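The sequence and model come first.

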Amino acid sequence: MAYLAPIHRPTSIRHALKINFLSPDEECLIVAKANRIEIYAQTSDGLSLQHAKVIYGKVTMLQRLRPALSTTDHLFIGTDRLTFFTVSWDFQTKQLRTEMSYVDQADMMARDSQNEDRCLIDPTRRVMTLELFEGVITVLPILQRSSKKGDVDIGTLGEPVPARIPELFVRSAAFLHPRSSGIKKPALALLYEDNDQKVHIIVRFLDYTAGGSGEPGSANFEKVESSYEDFDLGASHVIPVPAPAYGMLVLSETSITYVNDPDDERLFKSLREPTIFVTWEQIDSQTWLLADEYGKLYLLILTLNDDKTVSSWEVDVIGATSRASVLVYLDGGYVFVGSHQGDSQVFKIQAESISLVQTISNIAPILDFTVMDMGSRAGEGQTSEYSSGQARIVTGSGAFQDGSLRSVRSGVGLEELGVLGEMDHITNLFALRSGSSIAHTDVLLVSFVDETRVFKFSSEGEVEEVDDYKGLSLSKGTLLASNLPQDRLLQITSCSVRLLDLENGMLVSEWSSPEGQAITAASANDQHVALSIGGVEAVILSLPEELRVVTRKSFGAQSQIACLTIPSILSEICIIGFWQSATVAILRLHTLEDIETVTVGDEAGAVPRSVLLTQVLPEQPPTLFVAMADGNVITFSVDKNKFTLFAKKSIILGTQHADFEALPRGDGLFNVFATCEHPSLIYGSEGRIVYSAVTAEKATCICQFDSEAYPGAIAIATPEDLKIALVDTERTTHVQTLRVHETVRRVAYSTKLKAFGLGTIRRTLRENVELVQSRFKLADEVLFKELDTYKLNDDELVESVIRADLDEGHGKISERFIVGTASLDDERNGSIRGRIIVFEVTQERTLKVVTELGVKGACRALGVVAGNIVAALIKTVVVYSFSSTSLTKLCSYRTSTAPIDLSVTGSTIAIADLMKSVSVVEFRRGSAGLPDTLVEVARHFQTAWGTAVAHVAEDTWLEADAEGNLMVLHQNVGGVTEDDRRRLEVTSEIRLGEMVNRMRRVNVEAGPEALVLPRAFLGTVDGGVYLFALIAPAMQDRLMRLQACVAALVQSPGGVPFNQYRAFKNSVRAAEEPFRFVDGELVERFLDCAPGLQEEIAEGVGVDVEDVRGIVESLRRLH
């Protein structure tokens, strides 16, 4: 049984529009990113995200509606499952509200449109049309009057009615603006290609008649107003021209033509340079923005005569952008450029130019990626058990001029500002202010086992170590140091508590521990100090005027103190954790009387090691954090009046205990930094506590260091050094970009060489001719710096790149990059259709060709089996032996159509086929003089257009197809018959909705209590990165029931059923629901539910609500 969750949500933007959605007075921008709607408000700095919502389906169309009785616009949404619905903004709940539930327009008998789905509204806003199938236009009337008095449906959509047209391949369509109010029938202009590949325009009137008595209406486009022939073969778009000019513009590759409908008056004007227009946006009645395939933005301005007829027009390039998928003109001369294959951008239009205002990162399409481990670097494809956020995923993203290499890491970012020096065995850090009038900290106290060092910072960031400071004792390690009111400075060592005057460094008061007993733990706020003496006695001292014993209490050798704290927010209590009893006690500060004691572990080793009480969630009780010795973190809510504990929760951060440090977040709230083998940030978000991995490999201790030179920074100690850094306040996706300006089609990573091998494709225009050049590049891991480049032949493209350890023939194993190519010129090279090239990286970090081999087909994929190179060529999979001078063919296997991807495990090779799903072959060595062979051992007999395959468990593979489905295939090696053993069975299936370009297996050392076992990362065309995991047997039934309950009780926009949304669907078969697959995105919505709904879901699962919350939070931490 399988589990799927997003690590990096899709970022490709293909659809966007501007409407009055959140407010009647202010327009906002709505964009669609695969199955996610995001709403942005326009600010002086660009766009600000206001709301985001998951949609059950990949969004394919957006449109604006304005019902008569609504003060804001409604949003029409269409999806790839051919469903549509409308939503509005609920001002009370601040959520989307469904106005019209989903309507399914799927037609199994119709053929899908060859172009993208289109949604149009006529200028008079009387009718909406959908173009979903060839030769069919679905008409949705926009109701103009109520059928009976009191109805409030004016301006909403009526029932859909299909209408047929003879034009099949429609390139573009647009409703024309009516020249007078007397024209009752909307006119639709269709730019289409006929069977002779000639391009024409036809204008058809829509004749719609409303139905009655429950009967549907009727619609037809039979009446032709006008027809225009002989347009350029490159004609791509029809733009309706509004009053006063009317008519339409036709965009072609070499020209723009104005057609004055219905008089067939044409004004033709050639472009200065040929181009391919991809989208347009109207600014006003005479001005449009145009975007082309090569990232150029144009301004088109019509020139009118005195009689308001068009005399000419000008088209000027005003700047370069990402290759646009959609343009939206915003207020004040700003334009939004939404892109599928580059970053989306906001520009300010200036005189004959544009200036960049904002960039919205986009890693789509992910053509290839590799997984790096930033922790142990134990090997390729390794990741930590705790979180995939510990892994660094490097993607080849974008296309052509937008091509780039992206480093993606999900987690709390840690940006290093500087290294203070190499220091080991740091035990603690404390930030101090040198004077009461100084607003920022400027002194960093660093404690070691047997000494303390002090570093003073200037306002410019210069650092000086001082030998003595304010009378501090520097010959011993420091347990605690802090500034106090009344210009006091507190220092606690293992033998004394010292109160110093901040101005002159004079000792104000000192308290020493009894002879022979050490201070083992200490905590303080502005009024009191709490000490653990010898681990058996607690002492409370008063502050800040003098050190005076308030109370003391001995707990005896059988109740040794493990940790303690005096909170700042509840100053009347002291909290102590005990070793032997594994308990945490809430005590009255002035008497050390017990208020409440709770058991947090067992006596076998799960004992409390660190405690912290702070305010993490706004308008909720403070939270007590207890770090256990076994890596668990237990939290309680604390009653502010009774000081009692409730709402216990537990979470596993690692295998060792964590140390807590509270970091101010503002408004009296704090984040908690937990230092352990997997450093984590604990913060509040949407009313719950979130645990997220920090992108820091090692950390032993930290402290807040808000200095003038480094505002908001922290000091962080590792086993080797001391750093100043900035840490994010919550988890985000961190993307580092190397602009390659070429398509990064293939990526391979070498841990040993600390370098990437990149297969790229460069596109250039020379004298209006498009030229393509492919290269193999070596790039540095750390700086993403290009080290060396190898140019392939003209008309040769890179198809595959891997790194491999190969035996050169004399027993020496060497690391090599292997590149597979394809030839675009089928005539010049005779039978040669591609090459396999083996590269060596020299000591100077340059590329050297070791050997190469011409092959008879494009080399689509590469792998290594039993020390040999396996190549997926057209129609065959071939195994080659390698030596330092040549590649020798050993054996081959003929596939059904064309192999697309390979997954090699031991001597087994899984082959993803272009049309015939997956076949599994085994490489067998020849014996007794017989040759080596590739023998088919299993096959999936269903039709599937495979795109990627990965081995995820013994005899189990994960396959993705071109229609956005995922299938888990299992070989029943213990089957009764030979046919049973050869048949790959589908054990799980789901519709992801995005085409997966690449899968990478990850090897995870999962603990015995792991809920799921991560097995692979998936990269999609829309820029999504997903984690695939296998569910532990003990959790399978529970997670399936949890998914069913959440799907039934949590409503989606439009009311689209979850099972329909995630059900497998391709051109051959359509299921009714996902099969043995858990959607992590849905399950995690449990945490967003109201408490009452959570209890209802938990009751349906048959588990306590806290247990369900713990399960879901553990799953969320995986990514």
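Two strands pair if DSSP finds at least two bridges between them. Helices (H or I, at least four residues) and strands (E, at least two) are DSSP runs, numbered from the N terminus. This is a predicted model: local features need pLDDT of at least 70, side-chain atom pairs count only at pLDDT 80 or more, and totals for chains, interfaces and linings use all residues. Residues are numbered from 1 along each chain as its sequence is written, and side-chain values use heavy atoms, with hydrogens and water left out.

**Hairpin and paired strands**

In the hairpin of β70 and β71, 5 residues sit between the strands. Arginine 845 takes a positive phi there, near 60 degrees. The two strands run antiparallel and are joined by 8 bridges. Valine 841 has leucine 847 of β71 as its bridge partner.

| Strand | Partner strand | Bridges |
|---|---|---|
| β70 (residues 834-841) | β71 (residues 847-855) | 8 bridges |
| β61 (residues 713-717) | β62 (residues 721-727) | 4 bridges |
| β29 (residues 334-339) | β30 (residues 344-350) | 4 bridges |

Valine 335 finds its bridge partner in β30, at phenylalanine 347.

**Helix contact**

How do α2 and α6 stand to each other? The axes of α2 (residues 1036-1049) and α6 (residues 1105-1116) come within 12 Å and cross at roughly 95 degrees. The helices are therefore roughly perpendicular, a term for angles of 65 to 115 degrees. Axes are lines fitted to C-alpha atoms, for helices over the stretch in contact, and angles run from 0 to 180 degrees between N-to-C directions. Arg1038, Leu1039 and Leu1042 of α2 make the contact with Val1108, Ile1111, Val1112 and Leu1115 of α6. Contact means heavy atoms within 4.5 Å. By class, the contact has 6 nonpolar residues, no polar ones and 1 charged. Ala, Val, Leu, Ile, Met, Phe, Trp, Tyr, Cys and Pro count as nonpolar, Asp, Glu, Lys and Arg as charged, and the others, Gly among them, as polar.

**Cavities**

On a 1 Å grid over the protein atoms alone, a cavity is a set of points where a 1.4 Å probe fits but cannot get out; lining residues have an atom within 4 Å of a point. The structure holds 7 cavities of 30 Å³ or more.

The largest cavity has a volume of about 110 Å³. Its lining counts 15 residues, and Ser113, Glu131, Phe133, Leu168 and Val170 lie nearest the centre. β11 (127-133), β12 (136-141) and β14 (169-175) each supply at least two lining residues. The lining has 7 nonpolar, 4 polar and 4 charged residues.

The second largest cavity has a volume of about 70 Å³. Among its lining residues are Ala34, Lys58, Asp80, Arg991 and Tyr1061. This lining divides into 3 nonpolar, 3 polar and 5 charged residues.

Definitions and conventions
Parallel < 35°, antiparallel > 145°, perpendicular 65-115°, else oblique. 1 Å grid on protein atoms, 1.4 Å probe; cavity = no way out; pocket = protein on both sides within 12 Å on 5 of 7 lines; lining within 4 Å. Points joined across faces, edges and corners; volume = space filled by probe spheres on them.
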